[in-house]
Amino acid sequence: MPFPRSSGVLVHPTSFPSRFGIGDLGLEAYRFIDFLRDSYQQYWQVLPIGPTGYGNSPYASYSAMAGNPLLISPEKLQEQGLLTDEDFADLPEFPEGKVDFDLVVRTKIPLLKKAYKNFQENANQLQQTEFAGFCDSKAYWLDDFALFMALKDTHESTSWSTWEPELVKRIPEALEKAKEQLAHEIAYHKFIQYEFFRQWSQLKNYANMSGIHIVGDIPIYVAHDSADVWSNPDIFCLDEETGEPALMAGVPPDYFSATGQLWGNPVYNWEELQKQDFKWWIGRFEAMLDYIDVIRIDHFRGFETYWAVKKGEQTAINGEWIKAPGEQLFEAIKSKLGKLPVMAEDLGEITPDVIALRDKFEFPGMKILQFAFGSDPGNPFLPFNYERNFIVYTGTHDNDTSVGWFNKASDYEKENLLLYLGCVSPEGIHWDFIRLALSSVANQAIIPLQDLLGLDTEARMNFPSKADGNWGWSYQANALTKELSDRLKTLTALYGRAPQQK
């Protein structure tokens with residue numbers, strides 16, 4: 001659906017300042033919402049908010065529907081009487097500007113377990129009723145997720161496909177036995193999700209009352225080592241004996257990679273999903289819309305045609321394109337949930353059929369300014385080539401910052417950009433990019449916080465070609481100044497994106 005002319009900021013909650021080593025849903029999150037409101041912004045875009053595994057990637061989560069326990073604010077737990085000042089007395093010294101995920105886990109998980117113990121011992125009747133109500137309303141994904149995580153804990157975090165055969169194949173008697181033996185651990189994971197959802201809901205309500213809509217991210221594929229694949233093996237292309245992916249997701253060779261990209265996620269068994277009237281996908285959208293206001297679908301082209309690579313291949317070269325029932329899927333979701341607040345990540349090699357699918361449902365596509373200056377005036381990322389139903393970004397979480405991009409850009413790109421601008425503003429190239437985004441005809445403009453702050457490559461969120469060292473950037477508590485807010489507010493109003501100008 002098209003959205004009114006507006007703008008917003010992209011930053012993941014893990015990037016908020018925090019004395020616990022990682023951003024959370026506490027005070028700094030509310031301060032950020034205040035900054036957006038005061039700057040005339042109407043959107044806050046986040047990356048996927050699920051529990052992350054090895055590599056800490058939000059795009060490789062243990063669940064497509066659960067929340068990340070590391071985002072829970074210990075200080076909010078303290079407000080409930082579940083933790084005390086004494087629990088925070090020996091916090092380690094965390095690095096500045098970077099999340100040390102291992103140290104965060106060693107610090108926060110014991111606090112969460114203590115909070116659960118105190119909840120068990122001291123929760124009043126109202127709290128117990130609310131917890132039970134949450135567990136009941138989310139049972140369609142929560143029961144499997146909590147059991148999956150409890151089993152994962154007992155198996156030293158190994159992939160579910162390496163567990164005992166009766167658990168891999170989900171033999172009912174084995175599952176019932178595990179539920180009995182791990183009842184305490186299962187209840188703990190349910191409690192953690194209850195607390196995450198409670199804190200997130202409070203923050204979302206505050207954002208919405210402040211005129212801020214939250215844009216969340218749905219990766220098209222889910223991680224193989226996830227509760228979703230383990231508990232729904234029939235809707236994924238898996239080897240029946242081992243549980244490993246029989247067909248893996250990726251993209252074929254292109255200009256950027258001679259061997260393509262082999263992601264390793266299992267692709268969907270779309271035939272089975274259609275037989276089930278897309279029940280799992282509808283549930284996924286319902287779960288996400290509990291958390292967010294607008295859904296950004298990552299790798300949207302995979303809903304029209306997807307690249308599938310057989311088990312055993314080491315690269316994505318020997319794959320094939322397979323048709324996906326995207327139109328039927330979105331019709332089914334629409335008939336159940338109404339008109340969909342969806343944005344489509346339509347980057348890469350996009351065919352006319354993908355564009356037709358996007359436009360049939362009026363999903364806005366994406367434009368990236370960093371892609372605009374490497375070719376001729378026909379470049380679709382140049383602002384004068386935009387149509388209105390798009391979202392323009394200076395860059396995304398997968399790109400360098402605008403300052404970093406400019407410092408590394410080819411002479412040809414720099415010359416094209418400078419000719420396009422006429423001159424570089426004294427505020428710096430990042431503000432030139434912000435002006436280009438805000439002044440374009442695209443209905444939405446989203447600016448990564450790193451670009452607002454004028455940061456170089458050291459603030460980049462993700463290097464797609466790097467296996468580790470990503471996702472850890474965080475900003476300092478004094479970064480969101482009134483001067484920054486006023487400058488952004490002035491440009492937002494100037495280019496017709498302020499709320500009162502709708």
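Visitor: How are H4 and H5 oriented to each other?

Guide: Two packed helices are described by the angle between their axes and the distance between the axes. In this predicted model, local features need pLDDT of at least 70, side-chain atom pairs count only at pLDDT 80 or more, and totals for chains, interfaces and linings use all residues. Residues are numbered from 1 along each chain as its sequence is written, and side-chain values use heavy atoms, without hydrogens and water. The axes of H4 (residues 125-137) and H5 (residues 139-154) come within 6 Å and cross at roughly 95°, so the two helices are roughly perpendicular. Roughly perpendicular means 65 to 115 degrees; under 35 is roughly parallel, over 145 roughly antiparallel, and the rest oblique. Axes are lines fitted to C-alpha atoms, for helices over the stretch in contact, with angles from 0 to 180 degrees between N-to-C directions. Helices (H or I, at least four residues) and strands (E, at least two) are DSSP runs numbered from the N terminus.

Visitor: Which residues of H4 and H5 meet?

Guide: Phe-134, Cys-135, Asp-136 and Ser-137 of H4 meet Ala-139, Tyr-140 and Leu-142 of H5, where contact means heavy atoms within 4.5 Å. This contact comprises five nonpolar residues, one polar and one charged. Ala, Val, Leu, Ile, Met, Phe, Trp, Tyr, Cys and Pro count as nonpolar, Asp, Glu, Lys and Arg as charged, and the others, Gly among them, as polar.

Visitor: What is the volume of the second largest pocket, and which residues lie nearest its centre?

Guide: On a 1 Å grid over the protein atoms alone, a pocket is an open set of points with protein on both sides within 12 Å along at least five of seven lines; a cavity is a set where a 1.4 Å probe fits but cannot get out, and lining residues have an atom within 4 Å of a point. Grid points are joined across faces, edges and corners, and a volume is the space filled by probe spheres set on the points. The second largest pocket has about 950 Å³. Its lining has 34 residues, with Thr-52, Tyr-62, Val-105, Ile-109 and Ser-157 nearest the centre. H3 (101-122) gives the most, seven residues. The lining divides into 14 nonpolar, 12 polar and eight charged residues.

Visitor: How many cavities of 30 Å³ or more are there?

Guide: There are five. The largest has a volume of about 170 Å³, and 22 residues line it, with Ser-61, Ser-63, Ala-64, Pro-219 and Arg-284 nearest its centre. Strand S3 (213-219) and helix H11 (279-291) each supply at least two of the lining residues. By class, this lining has 15 nonpolar, four polar and three charged residues.
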